[in-house]
Protein chains: 2
Amino acid sequence: MSSNDSIFRLNRRLLLAALIAAPALTAMVGPVSTSAHAAEDHDALPSWNDGPAKKAILDFIRITTDPSSKDFVPPEERIATFDQDGTLWVEHPIYSQLIYCFDRVPALVKARPELAKVEPFKTVLTGDFEKIGKLPLRAIEEIAVATLTGMDVEMFQAEVKAWIAGARDHRWKRPYTDLIYQPMQEVLTLFRANGYKTFIVTGGGQDFVRVYSERVYGIPPEQVVGSAVGTKYGYDKNGKPFLTKEPKLLLNDNNAGKPEGIHLEIGRRPRAAFGNSTGDRQMLEYTQAGDGARLSMLVLHDDGKREYAYGPAQGLPDSKVGTFPQALYDEAKKDGWFVISMKDDWKRIFAFE
Amino acid sequence: MSSNDSIFRLNRRLLLAALIAAPALTAMVGPVSTSAHAAEDHDALPSWNDGPAKKAILDFIRITTDPSSKDFVPPEERIATFDQDGTLWVEHPIYSQLIYCFDRVPALVKARPELAKVEPFKTVLTGDFEKIGKLPLRAIEEIAVATLTGMDVEMFQAEVKAWIAGARDHRWKRPYTDLIYQPMQEVLTLFRANGYKTFIVTGGGQDFVRVYSERVYGIPPEQVVGSAVGTKYGYDKNGKPFLTKEPKLLLNDNNAGKPEGIHLEIGRRPRAAFGNSTGDRQMLEYTQAGDGARLSMLVLHDDGKREYAYGPAQGLPDSKVGTFPQALYDEAKKDGWFVISMKDDWKRIFAFE
């Protein structure tokens with residue numbers, strides 16, 4: 001892990017924002033299950049320990065789907081949004097999409113050999129994470145632009161698909177898509193079984209996440225909102241049309257960008273939202289501010305043994321707790337959001353355990 | 001009608017683009033029916049006359065939903081996109097959204113009395129369509145910016161909802177939402193009954209169309225892609241968050257902007273696409289260029305008696321046929337798109353007939 005520690009010291013949200021938002025870049029609702037009672041008759045959340053978080057989820061599902069409840073939500077208004085990194089899968093010590101960018105550099109240099117002697121590509125080619133972790137933010141942006149834009153969108157999709165199938169994380173030696181949180185998979189399934197449309201609302205690139213979202217989360221591409229660059233329509237030499245990913249930022253889907261992205265691509269305020277960091281703050285505020293029953297939840301990374309610990313529960317100063325500072329914890333308590341303790345609320349973390 | 005003729009003379013697509021794109025502005029797939037056979041056993045398209053257009057639709061549904069067909073499309077990939085103006089409802093002689101903008105001017109002037117003596121608001125206040133129709137494009141843009149941006153998105157939604165309930169078109173003296181084409185409603189229903197997700201992909205403002213799309217077309221807001229301005233997240237004096245519509249263009253969902261908007265908000269290439277004008281050309285090209293079975297169709301407005309006639313069938317020079325020039329007709333024939341003749345293919349136009 002030590003090789004990754006230097007990267008860990010970078011503000012990770014900044015990194016992801018940079019990844020996409022580089023300044024250089026300028027109802028059919030599914031079948032409703034037999035509903036609330038189904039959640040009570042059997043345990044719809046078997047990977048959750050009994051406690052306030054699990055109860056909050058089950059209560060919310062019950063009151064919003066029971067037609068006799070004052071908080072009943074018509075099926076077409078059942079929208080639930082989920083941050084991805086740190087909420088649905090591991091984001092530590094470095095976002096998978098950023099590793100993708102680093103991993104793409106050799107192919108990039110092969111296509112453009114002149115880059116081999118140019119920073120920051122030269123440093124990335126060394127494969128020395130100690131050095132890579134010390135690259136300035138501007139260098140990370142440059143790598144992101146070079147590896148995420150400028151190509152046909154279908155070529156990009158094919159490259160991500162191949163990478164995600166082959167790449168392995170350093171700690172568990174497994175595909176990144178194995179590092180999804182089983183308790184949250186159960187939440188996705190429970191919401192969908194009760195007529196909710198589940199959306200990913202990620203600070204990561206939506207083109208990236210859409211490649212595997214359906215297979216991994218059961219969430220189709222059209223229900224993934226994320227940071228996005230523009231595309232440009234054109235024709236190849238045979239007159240066949242294609243879209244090219246442009247180095248032009250359309251949506252930085254972090255912080256205030258999350259409710260803005262939700263309005264752009266969904267057009268309705270969520271009834272429930274799940275996040276884990278300051279980047280999700282505005283999405284949770286926006287969700288909670290709507291009329292009627294709302295559910296806003298934050299995953300707290302306080303399990304250094306089974307996963308990672310970087311929340312306020314560690315008693316660390318804000319500068320050390322990264323994306324979940326005490327102020328966020330305080331806002332959650334004040335505004336009636338629920339904090340999910342990975343250590344206390346989750347019976348298990350991964351399906352492979 | 002004479003009062004509208006002067007507006008008719010404006011290039012109508014330009015008008016709509018201007019409406020939004022003013023330069024001043026910088027899977028759960030639904031239940032699959034008993035499928036193909038259902039479409040054969042009863043007439044799923046009763047408002048259609050037998051002919052090549054009706055046959056093309058029924059054939060496409062059959063071959064893409066029959067599991068034994070070589071052209072079978074997995075349910076999660078069943079995406080169909082529909083232009084709105086001129087494809088799902090009447091666009092002639094002037095887009096409803098533009099009338100909305102004009103109709104909003106008195107309220108705007110009430111809030112900002114200084115505008116009463118300023119052009120173009122002064123002219124719009126006269127209510128004289130002869131004069132309004134002669135306003136330069138730049139003036140139309142100014143009215144669009146003033147009436148479509150600068151307010152809380154929920155306030156905008158409430159205003160559009162009230163307007164659409166009360167406004168009446170000049171020819172049929174009915175709500176604009178009565179002027180939807182019954183044959184196309186049947187197509188939407190048929191596609192959805194066969195597991196297709198139906199999307200509107202409109203050059204109009206997506207915030208506008210989303211207000212009534214679910215009620216009128218059965219298409220939820222999250223399945224409406226359209227021209228869009230950015231929003232800005234903020235807080236009111238009580239700390240409650242809200243989104244403000246900004247005078248900043250994010251997506252001009254016309255022409256090349258249609259496949260670009262589809263990529264942004266859907267993330268998959270449609271299997272079927274319906275349009276009626278040059279603004280839909282790239283969407284149809286993009287749809288048709290995909291692998292496997294594809295269906296691209298253009299509604300030809302050739303029924304001057306029951307609706308309007310402004311297609312090449314009139315034998316008019318291109319400058320007079322507005323949005324459906326001969327070149328588009330030729331591309332359709334060359335690329336295997338189907339042209340729907342309103343006169344010949346549609347048994348009736350409106351449900352109220």
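**Chain relation and helix packing**

Reply: Chain B can be laid on chain A by a turn of 180 degrees and a shift of 0.0 Å along the axis, with an RMSD of 0.0 Å, the copies being superposed by least squares on the C-alpha atoms of residues with pLDDT of at least 70 in both. The two copies are thus related as by a two-fold rotation axis. This is a predicted model, in which local features need pLDDT of at least 70, side-chain atom pairs count only at pLDDT 80 or more, and totals for chains, interfaces and linings use all residues. Residues are numbered from 1 along each chain as its sequence is written, while chains are lettered from A and ligands numbered from 1 in the order in which they are written.

Me: How many residues does the contact take from chain B and from chain A?
Reply: Residues are in contact if their C-beta atoms, placed from the backbone, lie within 7 Å. Because 100% of the interface residues of chain B are also interface residues in chain A, the copies meet through the same surface. The contact takes 35 residues from chain B and, from chain A, 36 residues.

Me: How is α13(A) oriented to α14(A)?
Reply: The axes, lines fitted to C-alpha atoms over the stretch in contact with angles running from 0 to 180 degrees between N-to-C directions, come within 6 Å and cross at roughly 60 degrees. Angles under 35 degrees count as roughly parallel, over 145 as roughly antiparallel, 65 to 115 as roughly perpendicular and the rest as oblique. That makes the orientation of α13(A) to α14(A) oblique.

Note on methods: Helices (H or I, at least four residues) and strands (E, at least two) are DSSP runs, numbered from the N terminus. Two residues are in contact if their C-beta atoms, placed from the backbone, lie within 7 Å.
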